[in-house]
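Here are my notes on the charged pairs and one surface patch. Please read them with the model open.

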Amino acid sequence: MKVLHVYRTYFPDTQGGLEEVIRQICRNTLAEGVESRVFTLSPQAGHSVVLREEADVYRYHRTFEVASCGVSVTALAGFKRLVAWADIVHYHFPWPFADMLHVLAAVKKPSMLTYHSDVIRQKKLLMLYGPLMRHFLKQIHCIVATSDNYVASSGQLQDFKNKVEIIPIGLDDNSYLQPTEAALAAARARCGKGFFLFIGVLRYYKGLHILLEAIQNTDLQVVIVGMGPIEDELRGQAEQLGLNNVQFLGYVGDEEKIALIQLAKAIVFPSHLRSEAFGVTLVEGALFGKPLISAEIGTGTSYVNVHNETGFVVPPADPEQLRLAMLRLHEDGLLARQLGSAARQRYERLLTGQKMGQSYARLYRRILGLSPIDAATN
C-alpha cells in the first residue's frame, strides 16, 4: 500500500511539530505494510529526493510564499508523477497550494487529509480562498481531525462532519533515543535543571509574550527552544522587561532536545489561539513523564493535558494564572512528580505512535476497500 503525504514543508528543511506528525505517521505505518513518500517544497533550487528512514522526501523549489503559503510554479508535473505512484493521497491541511494542485492535477486516486488547523489569521484571504477550500474538502474522501475538541469548536469543519474521523496524534517512544551522559552534562552546564521548557516554532499564536510577562519579577527559570518569525520581537520584550531568567537557545539537535526535556521541571505551552490544534510538544512532555502547563483554547491541547490530572490548564492570555500554575509546580516537587507520572500513563494509554499508526492503516484500508492481508501484500 503506497501513500503520498503532501505538505508545504518537511525535514530536513524545517523541524516543526507538523513535520514530526508526518514523520510519526510514516514511521508507525511501516509495520502495517505502508510505503510512504512525502511531496513538499524547499528553498533549494530545482528538485531533489532525500532518502529518510520513514519516507522518501520529494522536494520541489518554492518559487514564492504568500501569507505562509508556499507556491511552486514547477511542481505540478512532479506532483502528478507521485500521484500516479500512490494508492492514496494524504494531504495535511491547511496548505491552499495543495488544494490547487489537487484540482489542477485532476486527482482521481482515493484521497484524504489530516485537518491540523482552521485558517485563523488570514481572514481577508480566507474570503478569497474559501470557495477553493470548500471545493477541495468536498472532493476528499475522509477528513481526520486530531481531537473531538477541535471538531466541536471548528466552524470550518461543521459542513463536513459526516466525513470526519478522529485520530489523536501519537509518538513512538522508540524514535526518541536516550541522550548520552555527556549530552546530559552539556545541557545541564548550559541551562541547569528544574527549569520550565518550551519547544516549538516561535510564532504569534504560541503565547510566548504571555510567558515572558508571567515570569517577570520571579525566580522561575524558563528555557525556550526553537526559531521563528517573532524571535527578535521576543528577545526585545525580554530585554525590555529586564528578564535574566529566560534563555533563548534557538535550534537544538534531537539529543540535546531530549536532554533538556529530561532536565526540565515541566513543559510550558502557553499557546493562546486555536491555531494551536494539538501541541506535539505536550505529547513529548507526557512521553518523558513531565507535568504539563497549557491554556484552554478549545483544541486538542486539552485532550493531551487534563487539568489537575496531567498538569494545569489555565485561561488563555492570562499571565497571572500562568505564573501561579508555574509557581505551584516549582514549589511542590511531589505534586510535579505525581502529575508527570499521570502524564506518562495518559501517553501510554492514548498517545503512542503505535496506536496512531494502526488507526491510520485501518483508515487507509477502509478507503481502499482492502482487507489487512490484501493491504500488506499490495
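1. Glu348 is partly exposed, at 43% relative accessibility. The cut-offs are these: buried is under 20% relative accessible area, exposed is over 50%, and partly exposed falls in between (1.4 Å probe, protein chains only). Arg344 is also partly exposed, with a relative accessible area of 22%.

2. This is a predicted model, in which local features need pLDDT of at least 70 and side-chain atom pairs count only at pLDDT 80 or more, while totals for chains, interfaces and linings use all residues. Residues are numbered from 1 along each chain as its sequence is written, and side-chain values use heavy atoms, with hydrogens and water left out.

3. What joins Glu348 to Arg344? A salt bridge does, with the closest N and O atoms 2.8 Å apart. The term means a side-chain nitrogen of Lys or Arg within 4 Å of a carboxyl oxygen of Asp or Glu. Both residues sit in helix 13 (residues 333–350). They are four residues apart, about one turn of the helix. Helices (H or I, at least four residues) and strands (E, at least two) are DSSP runs, numbered from the N terminus.

4. How many salt bridges does a search of the whole structure find? The count is 14. Arg27, Glu53 and Asp172 are linked in a network of them.

5. Glu53 forms a salt bridge with Arg27, and their closest N and O atoms are 3.4 Å apart. Glu53 lies in the loop between strand 3 (47–51) and strand 4 (56–61), and Arg27 in helix 1 (residues 17–29), so the pair ties together parts 26 residues apart in sequence. Glu53 is exposed, at 65% relative accessibility. Arg27 is partly exposed, with a relative accessible area of 22%.

6. Now the Asp172 side. The side chains of Asp172 and Arg27 meet in a salt bridge at 2.8 Å, N to O. Asp172 lies in the loop between strand 10 (164–166) and helix 6 (181–191), and Arg27 in helix 1, so this pair ties together parts 145 residues apart in sequence. Asp172 counts as buried, at 15% relative accessibility.

7. Last, the nonpolar surface. Phe64, Val66, Val73, Leu125 and Leu128 make a nonpolar surface patch of about 500 Å². Strand 5 (64–66) and helix 4 (123–139) each supply at least two of its residues. Val66, in strand 5, is partly exposed at 43% relative accessibility. Patches are made of residues with over 30% relative accessible area and no salt bridge; like charges are joined within 9 Å, and nonpolar side chains (Val, Leu, Ile, Met, Phe, Trp, Tyr) within 5 Å. Accessible areas come from the Shrake-Rupley method with a 1.4 Å probe; for residues, only the protein chains shown count as cover.
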